[in-house]
Amino acid sequence: MQATGNNLIPVLIIGTLVVVILITCLFFFVIIYQRKMLKNQKELRTLHDQRQGDLMNAVFETQESERKRLAEDLHDSVGQVLSAIKLNMHRLDKNCISQSSQPLLADTRRLIDESIQEIRNIIHNVLPPVLTDYGFLIALEALGNKVEQATRIKVRFEKKISDQRFPHEIELALYRIAQELFGNAIKHADATIIHLSVKQEGDFMVMEFKDNGVGFKLNEVKQGFGIKNLESRVQLINGEINIISKPSAGTFTTIRLKIA
């Protein structure tokens, strides 16, 4: 019995060691598995974010392509037709004998001139040549002047950054964001004063848009205000957007992105 007991001791020791080794291996296997799962989840999130970014970029590129096509179609077809009608009206005016028809012809010419000007305004809004030719800083100032002329809103534009050109996608995104903000202020805010500024803070460019309108509660805002669209555009240029608004306190929007 003594010999048998002594023989069991090594077996128990070996068995215990085997169990400890198995538990240790299982423990490390669980840790490795969890780390791999976390890594896979992170890669999936990154891929999902990348696909979302690619999808948003494709959507905005399609929108810009459609805007360009619309502007070209308006210029090449509708604009030329209206110009031809205006020319014919001018010829008809010269050959018109009846004085009673003169007021009608004058009124028709005025309507044609207004239509041509409206077509030009639409083309400039859809595909502003000043943005392409001179950059978004000058384009923003021109946009503010246009809003001020077309509405009763006082626009104060301030520039604290050197005149320079930025990559096309950045200039276009910031210009579209400014258009969206102006549109929101005109349609929803009932604002009378808008402050728009662009400045440089170290390696960052900061665009600030502030109005004295009615404001809103961010947690109750409707999708129609275009906040999601603003966030998507800012995200595509690797920027940050912060919107502060309260009822009867106006809205303050800040866009910040690295440029150096």
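## Ground rules and overall layout

Buried here means under 20% relative accessible area, exposed means over 50%, and partly exposed covers what is in between (1.4 Å probe, protein chains only). Helices (H or I, at least four residues) and strands (E, at least two) are DSSP runs, numbered from the N terminus. This is a predicted model, so local features need pLDDT of at least 70 and side-chain atom pairs count only at pLDDT 80 or more, while totals for chains, interfaces and linings use all residues. Residues are numbered from 1 along each chain as its sequence is written, and side-chain values use heavy atoms, with hydrogens and water left out.

The protein comes to six helices and five strands, in the order α-α-α-α-β-α-β-β-α-β-β from the N terminus on. Of its 260 residues, 30% are buried. Taking contacts (heavy atoms within 4.5 Å) with a separation of 6 or more, 69% are between residues 24 or more positions apart.

## The nonpolar core

A nonpolar core is a set of buried Ala, Val, Leu, Ile, Met, Phe, Trp, Tyr and Cys residues joined through side-chain atoms within 4.5 Å. The largest one has 34 residues, and Phe136, Leu174 and Met205 touch the most other members. At least two residues each come from α4 (136–150), α5, β2, β3, α6 and β5, with α5 giving the most, at eleven residues.

Met205 is worth a click in the viewer. Leaving out residues up to four places away in sequence, Met205 touches Phe136, Ile161, Phe166, Ile170, Leu174, Val198, Lys199, Ile255, Arg256, Leu257 and Ile259.

## Rings and charges

Two aromatic pairs turn up in a search of the whole structure; rings of Phe, Tyr and Trp (its six-membered ring) pair if their centres lie within 6.5 Å, with planes under 30 degrees apart counted as stacked, over 60 as edge-to-face and the rest as tilted. One of the pairs is Phe182 with Phe209, edge-to-face at 5.0 Å centre to centre and 85° between the planes. This pair links distant parts of the chain, with Phe182 in helix α5 and Phe209 in strand β3 (residues 204–211), 27 residues apart. Both Phe182 and Phe209 are buried.

Arg256 sits over the face of Phe204, 4.3 Å from the ring centre. The test for a charge over a ring is NZ of Lys or CZ of Arg within 6 Å of the ring centre and within 35 degrees of the ring normal.

Which arginine in helix α5 is of interest here? Arg176 lies in α5, and counts as buried at 4% relative accessibility. The side chains of Arg176 and Gln179 are joined by a polar contact of 2.8 Å.

In helix α6 (residues 227–236), the buried residues are Ile227, Leu230, Ser232, Arg233 and Val234. Asn238 follows α6 and has a positive phi, near 60°.

## Positive phi in the loops

Most residues other than glycine have a negative phi. Asp190 is not a glycine, yet has a positive phi of about 55°. Asp190 is in the loop between α5 (168–189) and β2 (193–201), and is exposed at 62% relative accessible area. Ser248, also not a glycine, has a positive phi of about 65°. The loop between β4 (240–245) and β5 (251–258) holds Ser248, which is exposed at 72%.

Note on methods: A polar contact is a pair of N or O atoms within 3.5 Å; within protein, one must be able to donate a hydrogen and the other to accept it, and residues adjacent in sequence count only if both atoms are side-chain atoms.
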